[in-house]
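Hello,

Here is the structure I said I would pass on. My notes follow below it.

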Amino acid sequence: PYFQHRDLSSDLLPRETGDVTMRIETLPRVLIFCALWPFAFALHEAGTKYLLYTVNPGEGFNLCRDVYIRAANLVKSLRQDDEDWVLVLPPWPHLYHWTSPIDQQWLPWDNFFHLPSMTAYIPSVSFDEFRRITSNRIDELIHTRPFEDPFEGGHWVEKTQEVGCGNHGNEMGWDTWGHPEVRVRRVRCMAVQGRTDVMKLHLLNRPNVRSVLITMFQNLLHTDYGSGALYWAARGSMVYAQHLRDAGNHFMMTSFGYDRGQGVGREAPTSGGGPFIAVHLRRRDYLVAHGDVVPSLQGVARQVNRMRSFLNISHVFLATDAPRSEKELLQIIDGLVWFEPTLDDLQLYMDGGVAIIDQWIAAHSRHFVGTGDSTFSFRIREDRQLMGFSRESTFNSLCGDKPGEEGDIINCEQPTYWPMVEVTTPPREDL
């Protein structure tokens, strides 16, 4: 109210109340405000800092989850340098593989993940909360791109280099996540090469920069991908949202009579997993780039039926992006079932949630077989490792058809085994 246009002189005089002892308060308040404002602003800038990031818009759900781990561990590294950094969770855009006829734009993370578990690993806030705290202001945007020659001079080295932004304009791989009122104060463009820590030089010891958005974060590599404690600690914190786990647990109980028990899944599930084989079959656009490793539907049926016989397991769960017509053709596999969401289910879970339900169910199978190097299969294998399943029951892939063999399991290259580094954070029994 002190900044509204008004005559303050009347506030400095006794009011006509008949109370001659009324205190005159306005002038001291104005003086105190003016005296403390520079210090309050400095404290505001020197306090909590925020890291935002974007991913190439064409990437899928499971790759975006992998990029989160890189960003989370960069924040963890920044905090070790005595600066109070917090990760801002960018709302999910409508991804390429989300094809259901429902509104799936700018979804919050708690649609898919249990945020208290993630925040217990690294402090984080939603984008909406960030907007409220910072009044829709991002201090700096760093647009990243790879070096044109990663082996310049014959060697690959970690490095960054400021480059001109040229005519990038709206091609910087980011937008305001549906909020055009968000403003960026400064834009920089940078060629990057190496692990996420190469960005610390551009983030630390900058008291006047409170928030930084790094675009195209997939250009930065993991600090210790796959075989390091940081990777597995961050991955283990990505607990699926309760309502998605409940849906998967209900499906396993009604379809297989299997109760997985309590906990978030870091301990071995009851009875060593459910009495079913889980198959992840990638189809659609994956066939264009990796058709040689994806068997025909007849080849899938032949391989899975042999597994059923060899493992003496009757039930099969199918997770796939195949159209319903192809799923029905696969019913020549005895005991085959899949999770079929209704329209109401889709409105509740969204396509990303349905994918997680599929992964949660597949992760609890007695035996899992995936598709090549699909990131969907990667995430299932990671879940199974966190739950203590064996290497032999986890690192398996379907084999592409070979001339004269039509999908037999013969001399097929299997997935690379990444040993898990033990996660020391105890499971939360209340989940």
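Which side chain is joined to that of Arg 282 by a polar contact of 3.1 Å? The side chain is that of Asp 285. A polar contact is a pair of N or O atoms within 3.5 Å; within protein, one must be able to donate a hydrogen and the other to accept it, and residues adjacent in sequence count only if both atoms are side-chain atoms.

Before the rest, two notes on the source. This is a predicted model, in which local features need pLDDT of at least 70 and side-chain atom pairs count only at pLDDT 80 or more, while totals for chains, interfaces and linings use all residues. Residues are numbered from 1 along each chain as its sequence is written, and side-chain values use heavy atoms, with hydrogens and water left out.

Arg 282 also makes a side-chain polar contact with the side chain of Asp 321, at 2.6 Å. Arg 282 sits in the loop between strand S8 and helix H7 (286-290); helices (H or I, at least four residues) and strands (E, at least two) are DSSP runs, numbered from the N terminus. With a relative accessible area of 12%, Arg 282 is buried (under 20% relative accessible area, 1.4 Å probe, protein chains only). Neighbours within four places in sequence aside, Arg 282 is in contact (heavy atoms within 4.5 Å) with His 97, Val 294, Asp 321, Thr 371 and Ser 374.

S8 belongs to an open sheet of four strands with parallel pairing, in the order S10-S9-S8-S11; two strands pair if DSSP finds at least two bridges between them. The edge strands are S10 (336-337) and S11 (365-369), each pairing on one side only. Helix H10 (residues 343-363) packs on the sheet and touches S8, S9 (315-320) and S11. S8 (residues 274-281) and S11 run parallel and are joined by four bridges, and Ile 277 stands opposite His 367 in S11.

Strand S1 (residues 49-53) is largely enclosed by the rest of the structure, because five of its five residues are buried. On one side these are Lys 49, Leu 51 and Tyr 53, and on the other Tyr 50 and Leu 52. S1 runs parallel to strand S2 (residues 85-89), and three bridges join them. The bridge partner of Tyr 50 in S2 is Val 86.

H10 comes up again at the largest pocket, where H10 gives the most to the lining, with five residues.

Regards

Terms used: Axes fitted to C-alpha atoms, helices over the stretch in contact; angles between N-to-C directions. Buried < 20%, exposed > 50% of the residue type's maximum accessible area, 1.4 Å probe, protein only.
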